[in-house]
Amino acid sequence: MIRRPPRSTPSNSSAASDVYKRQEHGITIPNPSEAAVYREMIKLSRETIVVADHTKLGRVSFAKIADVECIDALITDSGIYEGYEGYIRELQAREIKVIVV
């Protein structure tokens, strides 16, 4: 699991888009080089915000970025309401903020 510095460490938020998330596999992306960059961003950030449309949820790709526990917020589209209600509840139970736009 990726460890972030304490929240009091000054840094910007990291935001990852075009990622695939499945809770047991964590956050994944097709490109290993990009995954390495995202991992470093997470390590240096106070919070991690994932931006992904609902079609990326539940899919698993080649390169792992991080465990779901590293996410502070998920920003996604309203399609998440179509069959992903349980997913939303699981994220919220882990104290991950879900923002639908």
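Predicted model: local features only at pLDDT ≥ 70, side-chain atom pairs only at ≥ 80, totals over all residues.

Me: Fine. Which residues touch the most other members of the largest nonpolar core?
Reply: I65, L74 and L91, out of 21 residues. A nonpolar core here is a set of buried Ala, Val, Leu, Ile, Met, Phe, Trp, Tyr and Cys residues joined through side-chain atoms within 4.5 Å. Buried means under 20% relative accessible area, exposed over 50%, partly exposed in between (1.4 Å probe, protein chains only).

Me: And which elements each supply at least two residues of this core?
Reply: β3 (26-29), α1 (32-44), β5 (63-66) and α2 (85-93). Those are DSSP runs numbered from the N terminus: helices are H or I with at least four residues, strands E with at least two.

Me: Switching to loops. Where is D72, and is it buried or exposed?
Reply: D72 sits in the loop between β5 and β6 (73-76), and it is buried, at 17% relative accessible area.

Me: What does its side chain reach?
Reply: The backbone nitrogen of T48, at 2.7 Å. D72 and T48 are 24 residues apart along the chain, with their C-alpha atoms separated by 5.2 Å. E47, in the loop between α1 and β4 (48-51), has its C-alpha 5.9 Å from that of D72.

Me: OK, how many salt bridges?
Reply: Four, counting a side-chain nitrogen of Lys or Arg within 4 Å of a carboxyl oxygen of Asp or Glu. Among them is E69 with R94, 2.7 Å between the closest N and O atoms. That pair links distant parts of the chain, 25 residues apart: E69 is in the loop between β5 and β6, R94 in the loop between α2 and β7.

Me: What about E40 and K43?
Reply: Also a salt bridge, at 3.2 Å, N to O. Both lie in helix α1, three residues apart, about one turn of the helix.

Me: Last one: what is phi of E95?
Reply: Near 65°, a positive value in a residue other than glycine. Most residues other than glycine have a negative phi. E95 is in the loop between α2 and β7 (97-100) and is exposed, at 72% relative accessibility.

Conventions
Residues numbered from 1 in each chain as written. Heavy atoms only, no water. Polar contact = N/O pair within 3.5 Å; in protein donor to acceptor, adjacent residues only side chain to side chain.
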